[in-house]
Amino acid sequence: MTEQITNIRIGIYLCDCDGKVSKKVDLQKAKTVIQSQAGFDYIRATDVLCGKLEQEKIGAEIDKYSLNRLVIAACVDPFIMRQFLQLADEKGINRYNVEFVDLGAVDSTEAAVAAANNALGKMHLRAEIGYEELAVTPDVLVIGAGSEAAAAATAIAKSQPVVQIDNVGTRVIGLDGFPGAFTVRLLENGQAVKKDFGAIVLALGAVPQYDKSKYGGIELGADILSLSQFINSGKDYAGKKVSFALGMADEDSLLSFAAVLKAALDLKGEGASEVNVLYEDMKVCADGLEQDYELARKKGVNFLKYTGEFQIVRFPSGIAFKYREPFLSDPVKIVADYIVLAEDFVPAAGTLELAEILDIRTGPGGFFQKDNVHFLPIRSNRAGIFFVGSCHGPIHGTDLYNEIEAVLAEVSAFAKGKVSVPSLQPKVDAEKCAVCLTCYRCCPHHAIEIVHGEEYNNMYYSAARMNPLACQRCGVCAAECPGKAIQLPLYSDQEILFEVKQPARIVAYACENSGFLASEFAKTLDPELQKDLQIVEVPCSGKIDIIYLLKALENGADGVMLCVCHKENCKFVWGNDRAEQRKERTQKILNQIGLGERIDFVHVAANQGNQFNTAVKAMAEKIRQSGTNPGKVVK
Amino acid sequence: MIVAEGKPVEKILEMIAPYKKVLIAGCRGCVTVCLTGGEKEVGILASQIRMARSKDGNALEVLEQTEERQCDAEYNAKFLENVGKVDAIVSLACGIGIQYLGEKYPLTPIYPGVNTLMLGANIDVGRWEERCFACGDCVLDKTGGICPIARCSKSLLNGPCGGSQFGKCEVSAPVKEDIPCGWQLIYDRLSALGQLDKMSEIIPAKNWLRAKGPRTYVREDLTLDRS
């Protein structure tokens, strides 16, 4: 649990990085300035901080001065961070009480002092972060009847108990609880039962479906088969001409291509006289597919590329494909005894219903999961619920086994029946909680419950509580809370507002998944442009509170930017949409009092440094037109 | 719950124009729940009016405080210290809280920061709908649990009227949003309950005196003799 600690003792270390830093920063002067202020218990500047002897010396100083928080100002890289976090662990200092200042990124002594002061200030405001020991249910529920579900269940069963249901005979009708402690309501032979599981794996698969509208109305028949009809036909095709067609309905899926390759090779083995495969785009980007393709060609399977749409024409003696080859002027005709058409894949029956019951989002084609660059393939929007196989889009072969392995790595965390996690989820001040349900309703991850008890010191004896395993730390709840009862550790209002006490001309609140990374890239492209710009990092744009925008302006910024992930691509489902709504309201608030256009909302991806710079220029131009912020409050 | 909306800031700025230092008083009751007058909105309004007055070169000092409920004297006592420091109070509580806080500090002018709208339910984040009129004479037993006073535009006791079209009320158009016909809702609910016979029961005219103020409610079995 988080508790405010009273005895904070901070050590600050300044490193010259073997002379690299002193090219731009007068380190001794910086030390003298910092030393002249209060706010730390020990300070030292040195040439190289990352050496082994230095580490031992710092260790001794931590003991001697009873330091419990560290500010490391150096040329920060992952190696240095790892080294100091390790030292902190050894010395019993909570790793969340180590703050790094990147002296490699500052270009003046003043900037170095400002950055160090910022880190020192935040260290004073930071709540202590503890660890929580939680009991969890190791049992995993695998939902699905096909081979994918069976493969997942078999793999997971090696580490913990598994129950597999087909979602037909026994089906899910409801879900309560959190990862590690889900209660699934099932309908088992018409009886409603409740069972406890730690995690849920969805492996419903996908099913082929022939849709004649995708093939210009072609009806299936004795000599025109769908791919699955062909595979299940069990006929002898020796001496026959068989032509397959891919790409019209199946969007050149790997799954169809793999099935066609296998069928073509089998046909050759069975002595078919001619095997043709019509394709529009060759898709071989999965293990083994290219070898199969090469092998099929060696065995005499013909691969024929078509462009546009093909037709099927019927003769008295048989049928033929008629199509256009990209490099030939006249249409080509391929006569066959049997024509086989690859089908579309659609989600298995019950996918949509299950998505609604579990509140899991569906995306393109009605498969599980939105088309969002930030979502890992096996993860749903709810922690503890995972996808395996074609239920989140048709997948093939080794991809399935990679997914099963990844899911196994996730669910096996619960195998021992208990987990220890840092208590980084938002904390609720029960005295301020009105139990209004706003956070509960706005949480994209079902991570919030309302708890009751004498210890919740308000008139309801109740408060919202965030589950440490379900919470993904976006901070949307904290920004929405009308009572200011919720604080996200490491990003509390105090810590963020401290950063904008004396803001730069433009303050950019930037999502750490997009805008912040873009700003770092942008700085390498045009460092001058960021002179008047202050970046304030947030875990998600959904954490950007209206009060953050207003306070930056009240404290003297001329403009404020929100740098957020692209639409439909928020890592936390709708954080960027909430941010956009807040931006709209804040601009209205400014218009009401005649402060003019001072806020920009920028969708930017991590790799869009140029776009970030363009947005900064646009903001600068906007505030040039609006003039200096007349709303600045002089204190 | 009581539902309120923020007053336009220009009105608030006009009210407090003569003052140099004000207190914005929030309430942790209904107005926090309806996202209008809790600690967060107190902070937003405070920041906004500080900036507005700075812009006009007429700096305003703003104190912020939010307490449990402004409709209870004991909680209002907690504002004492800050009230003593300011020229005026802007309350973001409902109309009840504004008045009751004002009664507690009769020598300090108090101004409303919100318009109190209705007794409503929170349908989803950001949407509230009226459900009760506080008429003092409940008829929900006769109407399938749906209030004809609050949900019929004419508060008809025996509806629907001729303005009920395809389940919607004819007054929908001018207010842009489709208003369901209250009596259609009653009909549908009674139908689902198998109590349609209640539709033919004439509900006699209400005693509207109970809906008219000023109303007082006293329970002799509970009142304390504090002498």
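Predicted model: local features only at pLDDT ≥ 70, side-chain atom pairs only at ≥ 80, totals over all residues.
View 1. Over all chains, a search of the whole structure finds 13 aromatic pairs.

**View 2. A three-stranded sheet in chain A.** The strands of this open sheet follow the order β17-β18-β19, and their pairing is antiparallel. Strands β17 (307–314) and β19 (332–336) of chain A are at the edges; each has a single partner strand, so one side of each is left without a neighbour in the sheet. From one strand to the next, the twist averages 25 degrees. Strand β18 of chain A, residues 319–324, is joined to β19(A) by five bridges, and these two strands run antiparallel. Within the sheet, A:Tyr323 stands opposite A:Val332, a residue of β19(A).

**View 3. A three-stranded sheet in chain B.** Here an open sheet is formed by three strands in the order β1-β6-β7, with antiparallel pairing. Its edge strands are β1 (2–6) and β7 (127–132) of chain B, each of which pairs on one side only. The twist in this sheet averages 70 degrees from one strand to the next. Five bridges connect β1(B) with strand β6 of chain B, residues 114–124, and the two run antiparallel. B:Gly6 has B:Val114 of β6(B) standing opposite.

**View 4. Two tyrosine rings in chain B.** A pair of aromatic rings is described by the distance of the centres and the angle of the planes. For B:Tyr19 and B:Tyr111, the ring centres are 6.0 Å apart and the planes stand at 45 degrees, so the pair is tilted. B:Tyr19 lies in the loop between α1 (9–15) and β2 (21–27) of chain B, while B:Tyr111 lies in strand β5 (residues 110–112) of chain B, so the pair ties together parts that are 92 residues apart in sequence. B:Tyr19 is buried, with a relative accessible area of 15%.

View 5. A search of the whole structure finds zero disulfides over all chains. A:Cys481 is in no disulfide, and its nearest cysteine sulfur, that of A:Cys436, is 6.2 Å away. A:Cys481 counts as buried, at 8% relative accessibility. A:Cys570 is in no disulfide either; the nearest cysteine sulfur belongs to A:Cys540, at 3.9 Å. The cut-off for a disulfide is a pair of cysteine sulfur atoms within 2.5 Å. A:Cys570 also counts as buried, with 2% relative accessibility.

**View 6. A lysine over a tryptophan ring, and the domains of chain B.** B:Lys206 lies over the face of B:Trp208, at 5.6 Å from the ring centre. Chain B is divided into domain 1, residues 2–118, and domain 2, residues 134–211. The centres of these two domains of chain B, taken over C-alpha atoms, are separated by 37 Å.

Key: Residues numbered from 1 in each chain as written. Chains lettered and ligands numbered in written order. Heavy atoms only, no water. Pairing = 2+ DSSP bridges. Helix = DSSP H or I, 4+ residues; strand = E, 2+ residues; numbered from the N terminus. Axes fitted to C-alpha atoms, helices over the stretch in contact; angles between N-to-C directions. Domains from an automatic or database assignment. Buried < 20%, exposed > 50% of the residue type's maximum accessible area, 1.4 Å probe, protein only. Phe/Tyr/Trp six-rings, centres within 6.5 Å; stacked < 30°, edge-to-face > 60°. Lys NZ or Arg CZ within 6 Å of the ring centre and 35° of its normal.
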